[in-house]
Each structure stands twice: as C-alpha cells, then as structure tokens.
Amino acid sequence: GLAPSEHAFDLLLLAAMVFAADTRVNRDSESQDGWTREFHLYLPVSKPELWQASHNLVAGMLSFLTGDHWRFTFRPRPKDFRQIVTTELQEEFEKFSCVSLFSGGLDSFIGAIDLLANRQRPLLVSHYWDGMTSQHQTVCSTHLERFFPKNQPGLLRARVGFDNELVENVA
C-alpha cells in the first residue's frame with residue numbers, strides 16, 4: 001500500500017511552506033543584499049523532537065539550494081489534527097509498481113518513459129499552479145498513455161500554489 005506516514009505528511013507541509021516562502025517573498029525588496037532572504041517558519045508537526053533533531057540538516061540543505069537563511073520552529077499539531085493520514089485510498093494504489101515524480105519537464109518525462117519501457121506501472125505524482133505547467137503535464141501524460149497502452153501510468157496531480165497577495169507588501 002501507498003499510505004503515507006504522519007512524518008511524510010509533515011514533510012509535505014514543510015515543502016509547501018518552503019515553496020510558499022520562496023515564491024512569495026521578493027528578493028529585491030526583502031533582502032539586505034538584493035538576494036539573501038531570512039526565513040523563520042513555524043510548523044505544526046506530528047513529532048516536533050524528531051524534526052528538531054534534523055533542523056540543521058534541513059536548514060543547511062535549503063540554504064544551499066536557495067541562497068537564503070532558514071530557521072524552523074517545530075511545534076506539536078493542534079489536538080484535532082494529531083492524526084491526518086488515512087488509508088481509505090490504499091487499495092486504489094495497489095495496482096502501481098512504483099512512484100515517480102512528474103513535473104511535466106523533460107527529465108521526469110524521460111524517467112517515466114524508462115520506467116514504462118521496463119514494464120513498470122508507475123504512479124506519476126506532480127503538482128502545478130499555473131496553466132503552463134498543467135498543460136505540459138497533460139501533454140506528456142497523454143503521450144505516455146498512447147505509447148504504453150498495456151501498462152498505463154497513473155497520474156496523481158495536486159494544485160499547489162499561493163496567491164501573490166499571500167504575504168503583504170512583498171510580492
């Protein structure tokens with residue numbers, strides 16, 4: 001089954017918050033040097049002590065990737081959200097042999113072709129925000145379905161994006 005753990009959900013939340021911060025905080029107006037921004041994100045997670053132990057690794061990785069300074073405060077989830085993950089869709093995913101990221105770009109498209117050519121049946125996972133990305137993903141997945149009719153991939157797409165007005169006076 002492909003039911004994620006609560007820790008995987010925490011990672012998804014972390015990724016979404018980093019994505020929002022990176023795409024909605026302007027480098028020109030919100031940095032001291034025209035590039036390096038400073039972020040301090042507060043995340044509700046299932047086990048704060050687990051995440052706090054990885055703080056320096058996560059912050060260092062993001063600093064390397066973005067050129068920014070990152071800090072995190074991990075706190076317990078509110079009582080009503082202690083458990084978020086359910087296994088209701090587990091059976092639907094059992095028909096897939098693997099999971100692969102699918103951005104709609106050339107690298108993930110070739111990766112999907114390689115999996116299908118090796119008789120795998122991947123679940124292609126992607127997110128989009130704008131129409132252009134969504135169009136590319138649709139075109140790529142349509143071609144994969146047409147050229148690999150016997151082991152058609154699944155496609156799990158999530159619309160993940162943040163309005164420009166998410167952070168006042170900075171976008």
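Student: Are Arg 37 and Asp 68 buried or exposed?

Tutor: Burial is read from relative accessible area, where buried means under 20%, exposed over 50%, and partly exposed in between, with a 1.4 Å probe and protein chains only. By that reading Arg 37 is buried, and Asp 68 is buried as well. Before going further, note that this is a predicted model, in which local features need pLDDT of at least 70 and side-chain atom pairs count only at pLDDT 80 or more, while totals for chains, interfaces and linings use all residues. Residues are numbered from 1 along each chain as its sequence is written, and side-chain values use heavy atoms, with hydrogens and water left out.

Student: Which residue forms a salt bridge with Arg 37, and how far apart are the closest N and O atoms?

Tutor: Side chains of opposite charge can pair when their charged atoms come close. The rule applied here asks for a side-chain nitrogen of Lys or Arg within 4 Å of a carboxyl oxygen of Asp or Glu. Arg 37 meets it with Asp 68, the closest N and O atoms lying 2.7 Å apart. This pair links distant parts of the chain, since Arg 37 sits in the loop between α2 (27-30) and β1 (38-45) and Asp 68 in the loop between α4 (55-66) and β2, 31 residues apart. Both also belong to a network of salt bridges that links Asp 22, Arg 27, Arg 37 and Asp 68.

Student: How many salt bridges does the rule give, and which residues pair with Arg 77?

Tutor: The count comes to six salt bridges. Arg 77 pairs with Glu 6, where the closest N and O atoms are 2.4 Å apart; the partners lie 71 residues apart, Arg 77 in the loop between β2 (69-76) and α5 (90-93) and Glu 6 in helix α1 (residues 6-24). Arg 77 also forms a salt bridge with Asp 10, at 2.6 Å between the closest N and O atoms, and Asp 10 is likewise in helix α1, 67 residues from Arg 77.

Student: Why do Arg 77 and Glu 6 count as buried?

Tutor: Arg 77 counts as buried because its relative accessibility is 3%, and Glu 6 counts as buried because its value is 16%. Asp 10 is buried too.

Student: What helices and strands does the protein chain have?

Tutor: Helices (H or I, at least four residues) and strands (E, at least two) are DSSP runs, numbered from the N terminus. The protein chain has seven helices and five strands, and its elements run α-α-β-α-α-β-α-β-α-β-α-β from the N terminus on.
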